[in-house]
Each structure stands twice: as structure tokens, then as C-alpha cells.
Amino acid sequence: MISGGRIWAAVSDGITGNYVVSASIASPNLLDPQQWTLQQVGPAGSIPRALTVFNGRIYAGTTAGLYYYDGAAWQGIPSLAGTSIVAMSSSSSSLGLCTAKNLVYTVDSLNTPHAYGPPLPFTPTSLVTGSTGLPSAGTLTGGIEIYGGSWVSHYPNGPNSNQFNDVTVTPNGTLWGAGGGFYGPGTGFGFYRYNGHGWKSFTPANSRLPDDEVYLVSAGCNGSLWASTYGYGCVEIPAGSDSIDTAHIFGRNVGMVGLANNSNFLVTSSVACDSHGNLWMTVVAPADGNVLTVRRPDGTWRHIPVFIDATRVSILQDRPVNRCLAVDGSDNLWAVVKDPQLKGVVALANGGTIDSIAAVHLTSANGLPSDNASTIVVDKDNEIWIGTDRGIAIILDPTNPLRTGGIATYRPANGLTVNAIAVDPLNQKWVATSEGVILYSPDGTQALASYTVESTSGKLIDNNVKSIAIDPGTGTVYFGTTGGLASLNTPAVAPKAQFDKLSVYPNPYLVPNGSLLTVDGLVANSSLKILTIDGRLVREVKTPGGRIGFWDGRDDRGNVVASGIYVIVGFTDDGSQTGIGKVAVIRH
């Protein structure tokens, strides 16, 4: 802070170097240590935590009490001696402070402290004193506390926690996040949703959720959301609903069986749907051996084992697997296997029927980078991408992966721990690893981009990205980490089924321009023709393949075009569909 023509700061090395320092704002070089005066405040070892100006004096809140500077030395307030002060703030009428014991005081102009309300219900981190002289406290977990006869918590709209161990987007564009991390009792925060307008959190305290340890969220059949808990089964929120109904909490009540030492402890996986409307999930290490659970379209449930060469599989899903199950274009179920004796991936040649015999068992002996699979997804070309702790395997032929050429010889993210894989509308692959995110071309042969905390200047919150979800309606990619949620706007937007009038922006478009002109409203794999108003072809542009295309304001020779009105025509490869838009170009 600045007071009396000097800069004041509280500094500490966390050991013995604990000072209030000051320097003249007129100093020509504040980097010079000689320009700064160091002052010990309070007894040796006390740490200054807050500074403020009140009643014409500088006050320091320390771990040993409250002190003020009389112009020559620091004087303590006797009645607050030994009090560890966390934060301070001042107004014209009083100084407010909060302590490590959650107490709040106001101090008047005579340096007399007055207790303000009962102790705070949450650990304080900051304090602000309003024009009335009455303080409000910022807390670690209780939001902002304002006193009005009692402390009342006020939260900004947001999720219940910054912990996003899993994320998914349901077909209506709603984002869901899982706040549980199976790190032990009391470490979960339920789950949350963002519908484009605001956040809503689901916890046992405000809903029928049976437990806070929701560690996976996944989109089910017919637009439903499934929340998988670590010990209490799973919860369905049907499409169109925004609450938890006890009729949609599933576990022992539908025949699932938990662990051998506690059959009520039910850990379920993410879900996968086939074209018949069967919803598949796994139960971790069930005592009855029925590792696969299926809810049929009529709402009835079946629980079945899985066999590999007559050997019964004891466990499919286990932490830290992100997506344990996937259904390919032939309605065959693929599953990660975590049985210690059978690790790898299996495929059931079930074709949408409810079957339990593995037709294919893949391991590192026949093409996987590792037996420790962490996620499995099916792309838009019906190729199977399997993430492991040593990179990715791509199954080029799901009908016969063991044939020569059935598994790609190249391995994206080779040697990296892959946590999750997401497929965008352009069939590009977003790969979450323990060292950041990599975007791959549809066939996986090219790394198109990479994102880390460092390369994004901290916008990606943690390099150990746990999950990725994509909203195909907007092209937004979400990255879930244990430290928070990040998002990235991309042109990978699902194409329209048919052309309508193209939306072109910005309009007018100034050239030359460091930003591209956006053309919205394209069908799959469109191209663009840029024409003058009299029909002369200026340039033909290939688009990324989704709903969005771009033009840089240049002709086919790379020259910036002249000012004028330009017609933009989107067309399919066979010319069977076209869409038209216009843009005014201003050359400056």
C-alpha cells in the first residue's frame, strides 16, 4: 500500500525474515535493496499478514497481535496481544480485523477492540469494511459472510468445488462435472451442471444424492445424465429434469451387488448406449461376479458376467479409468479389463444383444502399448481409440483387430499416460495426458496442437488433465482437472444437415486483418467460393469440415482484396447443396 509518500509492504520468508518494509515512492530505483527500510513488528518470529491505514496511522496485523506505527516505532494494542490476525480492512470510522480463531473485531479511534458477532462459521481469508464501518469476511469454503444478527453465507454462482475429476456434455448442450475423487471420506463435492445460464450443484445436503463421492459423469440414452458414485451406485437425471428423484437412484434396489466384504458398497462405471437403447455399465469387483449391468429400454435390468476363454473376469472398471465402455458401429460392446490376470481390452461380438462372451481379448502381446488401459472411445470412422499409460492404440478394423493391419502400427501420444480421449465433430481427437493436452488429426498421424499450463499462460489450470468433453453445438472443448475447469472455443462445430442462409461475421470485414472472417451454417465437408458481386471467382477455400469456415480476405494469389461487396457460396463436394451469404469488405 502507499501512505505518507512511501510504499509499504509485509514480507516474510516463512522462517525468520518477517518484516514490514517501506521505501519512498520518489526513489529512482526500487529494485535497489538499499532504498528499503526493514522493520521488525512485534516479538521475534511474528509474521506480518496485513497492512492498512486507519485514523492517520499505519496498522500491521501479525501472528502475534495488532500494531500501529507512531512515526518512530511500532506500538502494540495490549488487549489483542498474542492474537493471530488473518486479515484487516478499514473505513473512516473503524478498523476491522479477523483472527485465526474465526473471531471478528472492530477497532475504534481509541484503539479499543470490540467483538463483532459470534465466531465465523468458516475459516476467514479476507475482510472488507464498508462505508458503515461494519466488516464482511471472505472465507475459505463458506463464500462471503455478512453479519445481520448471525453470519449469513453468500456465494457467487458457481460449482460446489473447483474439483473436476470428470466432465461430460449432454445432447442439449449442458455441461456436467464430477466433484468426487475417491480419495477417502469427505473428499468429494457431489456433481454440478452448467446450462449456459448458471451453475447448479447436487450434494446430499441439497438433494437426494446418496453421497458426495461422484467420480464419473456420463451421457446416457435419450439425453439422460448418469452420475457414478464411489460406493453408492449411480444416479440418473432424465432429459428435461433438473433434480434427483429417488426412483432414479440405482444399486441394490435393481439387483446390483457390491464388494465381497460389503455387498452394499457399489462402485459403478460410466455408461454407454447401443442403438437398441440398451444402457451398459460395469460394477467394480461384484461379489456375485456379474461385472456387466444392462438397463433395457423397457426399464428392466440384467446383470451378467464376462468370460474370456471360459475364464470369468473379476473386474472391468477400476480407478483411474475414465471411460470403461464403448459401443462400435456394429453395436458391439468394448470394455477395459482390470482383472489382474486378464488386463487389456475385450470386445463382445454381441451386435446389440445382451451377451457375456468376449470375442476378442487385446493386450500388449498383440498390439496395445500397455495392458493398463485407461479409456476407450469410438470415432466417426468406427475406429477404436484405446488410451493406456504408455500411449494410444488405434483399432482400424473392429471386426477383426487381430488380422495383419487391424491395429495401427503408429501410436499417438507414445509413452505418455493417457487419461481421456474425446472425439470432436471433425473427427479430431483431443487427448488428455498427465503432461497436457494434444490435438490429433482424424487418423492420428499428426499432432495438430498441444496445450499446457505454460503454453496457455495458465489458462489450462493443470497439466494433469483428467477428462475432456466437447459441446458439438458450439465447438467448445472443456478440460477437467482437480484444480478447476478450463474451456477452449474451437471451429469444430457439428455441421448442419442442410444449407440455409450463411451467417458471415464480422460484417463489414476490414482488410488486411489479423483475424479471419467466419462463415457459419455449413454442411459437412463444405467448400467456399468467394465471388465479386458480378460473379467473378476470387478464391476457393476448403473448410475444416464442420459448420464453421473461414476466409482471410485474400484472393487466390495471396493479395488483399479491394473494398466491395463479396458473395460467399458454400457448397458440398458433389454440388448438390449450396448456401449463400454476403459480406462488405473495407480495405484500409
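How many bridges join strand S49 to strand S52, and in which sense do the two run? I looked this up and found six bridges between S49 (residues 527-532) and S52 (residues 564-571), which run antiparallel. Within S52, Val 569 stands opposite Lys 529.

I note the basis of these entries: the model is predicted, local features need pLDDT of at least 70, side-chain atom pairs count only at pLDDT 80 or more, and totals for chains, interfaces and linings use all residues. Residues are numbered from 1 along each chain as its sequence is written, and side-chain values use heavy atoms, with hydrogens and water left out.

For terms, I take strands as DSSP runs of E, at least two residues, numbered from the N terminus. Two strands pair if DSSP finds at least two bridges between them.

Next I traced the sheet. Five strands form an open sheet of mixed pairing, in the order S47-S53-S52-S49-S50. I identified S47 (509-511) and S50 (537-542) as the edge strands, each pairing on one side only. Neighbouring strands are turned by 30 degrees against each other on average, direction ignored; the axes are lines fitted to C-alpha atoms.

I then turned to strand S27 (residues 279-282). Leu 279 and Met 281 on one side, and Trp 280 and Thr 282 on the other, are all buried (under 20% relative accessible area, 1.4 Å probe, protein chains only).

S27 pairs antiparallel with S26 (residues 272-273) over two bridges, and Trp 280 is the bridge partner of Ala 272. I recorded five residues between S26 and S27 in their hairpin, where Gly 277 in the turn has a positive phi of about 90 degrees.

Four bridges join S27 to S28 (residues 292-295), and these strands run antiparallel. Here Thr 282 has Leu 292 as its bridge partner.

Key
Axes are lines fitted to C-alpha atoms, for helices over the stretch in contact, and angles run from 0 to 180 degrees between N-to-C directions. Buried means under 20% relative accessible area, exposed over 50%, partly exposed in between (1.4 Å probe, protein chains only).
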